[in-house]
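Dear colleague,

I am handing over the structure below, and I would be glad if you could look it over before reading on. My notes on what was found in it follow directly after.

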Amino acid sequence: HDLKNQYLILENYLKEKQYEEAERYISELQQLEYENQHKRFTGILPIDILLSYKIDEAKEKRIEITIDTEEVQLTIPEQDMVSLLGNVLDYAMESLEKTNYAFKSIHMEIKQKSNMLCIQVASPCSGDMKRQHTSIFSEKKSDVGRMELDGIKMLVSKYSGSIENSYLDHMWRMIIVMSHSN
């Protein structure tokens, strides 16, 4: 019923040719929708929507994603950040889906330090997964994660960044550092 009432208000604004009021009203509704459905991670709407979506997608696959971030100021275009973060999370989820772990989790951190953007992703890793990640990063052909990894490498390179891939105590970590100064 609430949506029906909202449409009634919008319809009235449009009939009265109050286009600016209709636009303002739609913006307010969108903001309320965003606040009700999407957690604020970075303060950048497209990125926050993506992260919320990926958390929901992971839940369907019985993977828990935790995200530790702060509000960031980006000069990297939002589209590139959405692609990068989406590819990183897709790669991590796809890798975890192939494990037999009872509890599957991904932890992501997004931090800004002066003009550097640091993204770290970690997940449990068995010996088989370690071999898989190693073969992908050593440029050998592998089906799992190849497309996501190519997208990650391209975007990190575009911003003169670096990728570090490591394994320690049965954990896989990918650390991406990119400059985002003007």
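Predicted model: local features only at pLDDT ≥ 70, side-chain atom pairs only at ≥ 80, totals over all residues.

How many bridges join β3 to strand β5, and in which sense do the two strands run? Nine bridges join β3 to β5 (residues 171-179), and the two strands run antiparallel; strands are counted as paired if DSSP finds at least two bridges between them.

Residues are numbered from 1 along each chain as its sequence is written, and side-chain values use heavy atoms, with hydrogens and water left out.

As for the protein chain as a whole, its secondary structure comes to six helices and five strands, where helices (H or I, at least four residues) and strands (E, at least two) are DSSP runs numbered from the N terminus. Read from the N terminus on, the elements follow the order α-α-α-β-α-β-β-α-α-β-β. Of the 182 residues, 41% count as buried, a term that stands for under 20% relative accessible area, while exposed stands for over 50% and partly exposed for what lies in between (1.4 Å probe, protein chains only).

Returning to β3, this strand also pairs with strand β2 (residues 104-113), in the antiparallel sense and over seven bridges, and within that pairing Q112 stands opposite L117 in β3. The hairpin of β2 and β3 has two residues between the strands, and in this hairpin S114 takes a positive phi near 45 degrees. β3 is mostly covered, since seven of its nine residues are buried.

S123 is a residue of β3, which spans residues 116-124, and S123 is buried, because its relative accessible area is 3%. Leaving aside residues up to four places away in sequence, S123 touches L96, S105, I106, H170, M171 and W172, a contact being heavy atoms within 4.5 Å. S123 and A92 are 31 residues apart in sequence, and their C-alpha atoms are 7.4 Å apart in space.

Y7, by contrast, is found in helix α1 (residues 2-15) and counts as exposed, because its relative accessibility is 52%. Between the C-alpha atoms of Y7 and I26, which are 19 residues apart along the chain, the separation is 9.9 Å.

With best regards
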